Amino acid sequence: MTRSMVIIFLLALMAPQVQGQDFVQKDYYIFPIKPGQRNYLSGSMGELRSNHFHAGLDIKTGGQTGWPVYAAASGYVYRVKVSSYGYGRVLYMQHPNGQRTVYAHLQRFAPELEKWVLEQQYALETFEIELFPEPGQFSFGQGNEIAKAGNTGSSAGPHLHFEIRDSNDVALNPLLFGFGEVQDNIAPVVNRLALKAMDKNARVDGRFGRQEVNVYRTAGNVYRSGNKVAACGWVALEVQGTDRANGTSNTYGVNRVVVELNGQEVYSHNIEQVPFETTRFINVFKDYGTWLQTRKTFQRCYREDGNQLPFYEDGGNQGWFYIPEGTENQVKLRLYDSYGNQSQVLLAVQGDCSAQTTTSATLEPGYEVRDNLLLLRSENSLAEVFTGIFKQQLLPAWQ
């Protein structure tokens, strides 16, 4: 193909779908590492990992193994596991309030528990083992030493992975429970935005597609884009950002995101609880296609079809917002961490559907599926799509 015209057809494959936090008692738990002393995290709740959401806190242990691990609350061990991968050596405690705590990547368990586990390993002639002690067989008071921190399983360095779960094993954000050992008054950092066309009539920069937008920090924790973005129709945002905490260079995930159009809230999500059966939906929570191509992790600020995560409020457009032709609009994005520190991004969007000129150097005939839209590129002025016994003729969306 040389310089012939490429015509774009768009077909909607599916119409967009529109659609509590567990009990938190402050001061019920103590910090499991150096309680009452300043400490630091290497990982936070809800971080976007390669194929799951991080379900707790990664607590630093000074780059060493062997630090004492203390029971966050009184209770008994109801499950213990030894594995060469995953959580490695891990114990699970049941507490009187109905919740549970998890302590993973351990070097070894408390002596009486360690002895019992070793006996079971010899009896069953296996290193990899999962055991369920009788209730009360191994009981500990709050602040009792239950293990030594380690680096076992799929661990990249010495630390304690710590979780608080509800009675249904849904992971809750431990930072909601009031641990003063970790200090954070630093707002999230925003790296880039992306504005995306969400239906076949929408355009961003004159095309059906996605445009990344550079932002820069101004006074305080307010970010702005350098130029207006041209768009029209139903569009949505994506954001690439991280969080920081005092006294450490580690970066963390952003828990809460809110989007407003001209002062009206159109979207919010809040990662404060993660059911393990839905954690695989991370790949519809983030823009997986962009991640595959560029390894940039953008959170979608809209709820994609098939996303069953419990992070959203019901109703509304779930992040889609409408930009009319010929209007001036301000989109505000607010990012929060677990301590309520907030950053804002202000994006000026001009309602403009005028097409940009494309060239054959960047587009070849062919097709692709983008979310719920089929995009065809052709040198013909008409396309026919067959679905079963039905035939549909398409006119070009733009050329």
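**View 1. Gly75 and its partner across the strands.** In this predicted model, Gly75 stands opposite Phe140, a residue of strand 10. The two strands concerned, strand 5 and strand 10 (residues 139-140), pair in the antiparallel sense, and two bridges connect them. Strand 5 itself spans residues 75-82 and is mostly covered, since six of its eight residues are buried.

**View 2. Strand 5 beside strand 6.** Strand 6 (residues 90-94) also pairs with strand 5 in the antiparallel sense, and here the pairing extends over five bridges. One of the residues to look for is Arg79, whose bridge partner in strand 6 is Tyr92.

**View 3. Strand 5 beside strand 9.** Strand 9 (residues 129-131) runs antiparallel to strand 5 and is joined to strand 5 by three bridges. Within this pairing, Val82 has Ile129 of strand 9 as its bridge partner.

**View 4. The disulfide between Cys232 and Cys353.** The count of disulfides in the model comes to one, and this disulfide is formed by Cys232 and Cys353, with their sulfur atoms 1.7 Å apart. Because the torsion about the S-S bond is about 120°, the disulfide is right-handed. Cys232 lies in strand 18 (residues 229-242), whereas Cys353 lies in the loop between strand 25 (342-351) and strand 26 (366-370), so the pair ties together parts that are 121 residues apart in sequence.

View 5. Another cysteine, Cys301, counts as buried at 1% relative accessibility.

Technical notes
Residues numbered from 1 in each chain as written. Predicted model: local features only at pLDDT ≥ 70, side-chain atom pairs only at ≥ 80, totals over all residues. Heavy atoms only, no water. Buried < 20%, exposed > 50% of the residue type's maximum accessible area, 1.4 Å probe, protein only. Helix = DSSP H or I, 4+ residues; strand = E, 2+ residues; numbered from the N terminus. Pairing = 2+ DSSP bridges. Disulfide = S-S within 2.5 Å.
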